[in-house]
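Subject: Structure handover

Hello,

Here is the structure I promised to pass on. Please open it and keep it beside you while you read my notes below.

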Amino acid sequence: MIIKCPECGHQVSDQAKTCPSCGVDIAGNIITCSECGEVVLGNQTMCPNCHAMLNQQPVRPIYNNVKEETPVDEDNQKPPKKKGRTLVWVLVMALVIALSLVFAGLYMYQNMLKHNEEEAYINAIMSDEPSVLQNYIDLFGEQAPQEHLDSVQAHIDKFRMLEKDWNDAKVACNKTALERYIKMYPNSVHEKEALLMIDSIDWAVATKADTQESYAKYMDNHRDGQHFYDAQQKYDKKIEEQRLAADTLQIP
């Protein structure tokens, strides 16, 4: 039967689930006023037309082989929550957790790189090996702070200059060049070798002169020299020779 929608007044079938115009529930949710015959909504207690009290209960129509689109929770009179909405929230939370883990991992990775770089920088600066300095630049050249790179490069340049000056002093092979090198680079890796070369040069000078004074001078300058024992013997021999020469002169 065609009735007038009690909500918007448009014509609608009394078997329709909802009004196609305003969407209000129709089937099972309307009653007829016993006084004036007005079709009204079942949840109203007073007829809006004649103001009579409404005692009739809404009658649910019987449907054959028709399923309601949205099941109704009879306790709360609310449709159950859709599973799709729950799935969306689960996906959103999973995405948030995944992004949090990614950012936490990146943060820890950056901190680890920074710690490794600082440790490698200290080791490089404290090292006497140019290869260690160069290895730092090769490993952290794109990640290290510029001031660290400049400092390490300055140390590399210093070692290169040290090697050049050492080669020049070694090629010259004279005491003056070697002593100048030791003065310019105290405690260098070549200092011991330079001292040994000076020791050999002074010993060669002493043996060439072959005098008591030359051996005494060598011993004064090289208390720990590699030829100190030989110099002592030759010095003592020179004293013995002088004593014998003096005794010979005193014989009548």
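This is a predicted model: local features need pLDDT of at least 70, side-chain atom pairs count only at pLDDT 80 or more; totals for chains, interfaces and linings use all residues.

Leucine 106 sits in helix α1, which covers residues 83-126. Is leucine 106 buried, partly exposed or exposed? Its relative accessibility is 45%, so it counts as partly exposed. Leu106 also belongs to a nonpolar surface patch.

Histidine 148 is part of helix α3, residues 146-172. Its relative accessible area is 15%. The cut-off for buried is under 20%, so histidine 148 is buried. What does it touch, leaving aside neighbours within four places in sequence? The contacts are Glu117, Tyr121 and Tyr136.

Histidine 227 is in a loop. That loop runs between α6 (212-221) and α7 (228-250). Histidine 227 has a relative accessible area of 18%, so it is buried. Again leave aside neighbours within four places in sequence: histidine 227 then contacts Asp199, Trp203 and Tyr218.

Now look at helix α4, residues 175-184.

Four of its residues are buried: Ala177, Leu178, Tyr181 and Ile182. Why do they fall on the same side of α4? They cover an arc of only 135 degrees around the axis, and that puts them on the same side. Thr176 and Lys183 are on the other side of α4, and they are exposed. What covers the buried residues of α4? The cover includes α3 and α5 (191-209).

Check the start of α4 as well. There, a side-chain oxygen of asparagine 174 comes to within 3.2 Å of the backbone nitrogen of threonine 176.

Last topic: salt bridges. Side chains of opposite charge can pair when their charged atoms come close. How many salt bridges does a search of the whole structure find? It finds seven. Here are some to look up:

- Aspartate 168 and lysine 164 form a salt bridge, at 3.3 Å from N to O. Both lie in helix α3. They are four residues apart, about one turn of the helix. Aspartate 168 has a relative accessible area of 42%, so it is partly exposed. Lysine 164 is at 47%, so it counts as partly exposed too.
- Aspartate 220 forms a salt bridge with arginine 223. Their closest N and O atoms are 3.5 Å apart. Both residues are exposed.
- Lysine 238 and glutamate 241 form a salt bridge, at 3.9 Å from N to O. They are three residues apart in helix α7, so about one helical turn separates them. Lysine 238 has a relative accessible area of 18%, so it is buried. Glutamate 241 is at 38%, so it counts as partly exposed.

Which residues are linked with Lys238 and Glu241 in a network of salt bridges? Asp210 joins them in that network.

Then find Asp210, which is linked to them in the network. After that, turn to α4 and find its buried residues, Ala177, Leu178, Tyr181 and Ile182. Thr176 and Lys183 are exposed on the other side.

Best wishes

Note on methods. Residues are numbered from 1 along each chain as its sequence is written. Side-chain values use heavy atoms; hydrogens and water are left out. Helices (H or I, at least four residues) and strands (E, at least two) are DSSP runs, numbered from the N terminus. Buried means under 20% relative accessible area, exposed over 50%, partly exposed in between (1.4 Å probe, protein chains only). Contact means heavy atoms within 4.5 Å. Patches are made of residues with over 30% relative accessible area and no salt bridge: like charges are joined within 9 Å, nonpolar side chains (Val, Leu, Ile, Met, Phe, Trp, Tyr) within 5 Å. Accessible areas come from the Shrake-Rupley method with a 1.4 Å probe; for residues, only the protein chains shown count as cover. A salt bridge is a side-chain nitrogen of Lys or Arg within 4 Å of a carboxyl oxygen of Asp or Glu. The arc is that of the directions from the helix axis to the C-beta atoms. A polar contact is a pair of N or O atoms within 3.5 Å; within protein, one must be able to donate a hydrogen and the other to accept it, and residues adjacent in sequence count only if both atoms are side-chain atoms.
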